Amino acid sequence: VKLVGRTLVPGTARGAIAAIPPLSFWGGYDAASGTVIDRSHPACGLTLAGRILVMPAGRGSSSSSSVLAEAIRLGTAPAGIVLSEPDAILAAGAMVADALYGRTCPVIVLAHHHHTRLGEHGYALVDAPNGSATVQASDR
Amino acid sequence: MLALTDIDRALLSGGRGEAAAFAMRLLLRYGEALGAERFIAITRAHVDGCLYHGRVSLDFVEHLAALGGRVSVPTTLNVGSIDLIHPELFRGSPEAAANGRRLMQLHEALGCIPTFTCAPYQTLFRPSFGEQIAWAESNAVVFANSVIGARTARYGDFIDLAAAIAGRVPYAGLHVPENRLGRVVFTLPSEARVHWSADTLAVATGLVVGEQAGAAVPVIDGLFASTTEDDLKALGAVAASTGAVAMFHAIGITPEAPDLATALGGREPEACVELSVADLEAALAHLSTVGEGAPLGAIALGTPHFSLAEFSQLIPLLDGFEGNPAVDLYVNTSREVHARLAELGWLTALERAGFTVVVDTCTYVTAVMRDVRGAVMTNSGKWAHYAPNNLGAEVAFGTLADCLASAAAGQVTRRRA
């Protein structure tokens with residue numbers, strides 16, 4: 001299935017999908033290991049490094065920009081992020097990592113009904129040039 | 001598509017220096033992501049990027065410094081990782097201390113004012129009603145918008161400093177008058193004012209409103225008419241922690257809400273929520289991870305940073321106060337208030353009572369507390385919300401008087417309402 005959305009931060013990425021509820025990267029994500037560490041989050045313990053992170057929205061502290069950028073620098077960040085609500089905090093982190101290190105982590109927004117469908121699949125290819133983005137989802 | 005003015009184009013092309021061009025390119029992409037149509041000028045900034053989160057924190061500021069960056073508007077700084085006045089309080093590694101200190105110094109070198117406080121509204125650099133500003137730190141953002149009526153979107157790391165250097169921000173979010181209107185009305189029951197004092201009711205309200213308001217600007221009806229700025233500070237801080245609230249209206253209290261119709265801009269609210277005493281009680285109960293009688297290891301006050309008015313309530317409580325050797329006492333504040341404490345002789349009173357006064361940082365974001373194996377009691381909803389995850393601490397929430405009584409008793413002891 002191929003879904004069309006909007007690019008917040010350009011790039012391309014592919015990987016296994018991790019569909020989770022909103023996560024605050026600050027306090028909730030360990031940039032050293034690439035895992036969820038928020039004890040109250042249902043995905044606590046899950047590794048997001050190299051995955052396509054599918055979550056409806058960002059959450060919590062504005063320091064999440066730094067945590068995401070640090071994870072991108074270390075290679076422990078999600079390969080790409082697919083949201084259904086634009087999140088300026090996560091977008092800023094990905095933009096700065098691109099500007100400083102030339103490492104991309106595309107961040108895109110899909111309409112809610114498309115976003116829900118994506119979570120049913122196992123793998124995704126995100127192609128996000130400036131403007132509109134496409135996500136190709138498959139079961140393997 | 002973002003329409004650019006001559007000022008914007010000059011910034012982008014390097015006419016105001018390479019650092020400003022780098023900052024403006026970042027802001028342009030950011031503005032496009034937000035769907036903004038144009039940029040506006042700001043008069044002030046408050047930067048949260050001086051708290052160390054890893055190598056990227058230093059790389060970003062060093063990059064701007066190497067390009068010759070300077071902030072172009074008065075720019076205050078949020079807390080850092082180190083108390084530079086009392087560096088011996090830091091319990092992390094020497095490397096973390098060195099990085100934290102260097103990051104704070106680099107921000108000063110870019111021309112930022114070394115306030116190192118999460119409560120810049122308690123400093124000389126407080127903005128005025130209607131000013132367009134770029135503030136980071138969620139509690140400062142909600143305070144500026146709600147209590148002062150200054151206008152800021154919710155800025156985060158990197159973008160805050162980029163805005164301070166360029167002096168521009170995308171015209172979006174709460175910069176735009178229409179987006180500041182209330183959309184969801186929360187009504188408190190009148191019995192709530194019998195059950196709780198103004199400070200505790202503010203925290204309970206902030207908890208529930210943060211959880212339920214989502215992205216909508218909430219309107220709160222039914223707080224005490226005597227609600228103070230410090231109560232509103234606590235309400236906003238906790239609402240911005242349990243949710244993403246960046247502005248609230250309190251009818252008859254905050255400047256853009258003289259009455260309900262004005263707060264709503266004459267429109268119908270999208271939803272009305274009647275809160276019950278039970279809702280508020282449940283939210284407060286959820287904040288504590290331990291119950292009455294739990295042994296205490298510390299009390300933590302001053303999140304956000306304690307104001308002079310809050311110290312004026314604390315000082316009389318120290319009369320005849322006998323601390324318990326097992327319970328450490330911490331209070332966070334700014335260097336500006338710390339200097340006043342010294343002048344007033346209050347610092348001596350605090351130290352005599354056993355308090356560690358922490359400045360430039362905060363006990364929930366850095367390694368300062370000696371021991372968090374015992375439970376920690378706090379009168380801060382924000383501290384109680386974050387500390388279990390950040391520090392691995394067990395927490396009890398209570399009033400300022402409860403905190404001191406519990407510190408003396410060595411265990412959680414709340415006065416019955």
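Colleague: Which residues does B:Arg29 touch, not counting those up to four places away in sequence?

Modeller: B:Arg29 touches A:Pro10, A:Met95 and A:Asp98. Please keep in mind that this is a predicted model. B:Arg29 is found in helix α2 of chain B.

Colleague: Why is B:Arg29 called partly exposed?

Modeller: Its relative accessibility is 28%. Buried means under 20% and exposed over 50%, so B:Arg29, at 28%, counts as partly exposed. Along the chain, B:Arg29 and B:Pro170 are 141 residues apart, and their C-alpha atoms are separated by 9.9 Å.

Colleague: At what angle does helix α2 of chain B pack with helix α2 of chain A?

Modeller: The angle is about 140 degrees, and the axes are 10 Å apart.

Colleague: What makes the pairing of the B:Asn78 and B:Asp48 side chains a polar contact?

Modeller: The two side chains make that contact at 2.9 Å. The limit is 3.5 Å between N or O atoms, one able to donate a hydrogen and the other to accept it, so a 2.9 Å pair falls within the limit. Leaving aside neighbours within four places in sequence, B:Asn78 is also in contact with residues including B:His46, B:Cys50, B:Phe116 and B:Glu137.

Colleague: Why is strand β12 of chain B described as largely enclosed?

Modeller: Of the 5 residues of β12(B) (355-359), 4 are buried, so the strand is largely enclosed by the rest of the structure.

Colleague: How do you know that β11 (residues 328-333) of chain B and β12(B) pair?

Modeller: There are 5 bridges, in the parallel sense. Pairing needs at least two bridges, so these strands, with 5, count as paired. B:Val331 stands opposite B:Val357 in β12(B).

Colleague: And in chain A, what makes β1 (residues 2-9) a partner of β9 (residues 132-138)?

Modeller: β1(A) and β9(A) share 5 bridges in the antiparallel sense, and A:Gly5 has A:Ala133 as its bridge partner in β9(A). β1(A) also pairs with β7 (residues 107-109) of chain A, antiparallel over 3 bridges. There, the bridge partner of A:Arg6 is A:Val109.

Colleague: Finally, the backbone. What is the phi of B:Asp360?

Modeller: B:Asp360 has a positive phi of about 70 degrees, although it is not a glycine. B:Asp360 is in the loop between β12 and β13 (375-378) of chain B. At 0% relative accessibility, B:Asp360 counts as buried. B:Phe158 also has a positive phi, near 80 degrees. At 4% relative accessibility, against a cut-off of under 20%, B:Phe158 therefore counts as buried.

Colleague: Which peptide bond is cis?

Modeller: The bond from B:Thr303 to B:Pro304 is cis, with omega near -5 degrees. B:Pro304 is found in strand β10 (residues 296-306) of chain B.

Methods: Residues are numbered from 1 along each chain as its sequence is written. Chains are lettered from A and ligands numbered from 1 in the order in which they are written. Side-chain values use heavy atoms; hydrogens and water are left out. Contact means heavy atoms within 4.5 Å. Axes are lines fitted to C-alpha atoms, for helices over the stretch in contact, and angles run from 0 to 180 degrees between N-to-C directions. Helices (H or I, at least four residues) and strands (E, at least two) are DSSP runs, numbered from the N terminus. Buried means under 20% relative accessible area, exposed over 50%, partly exposed in between (1.4 Å probe, protein chains only).
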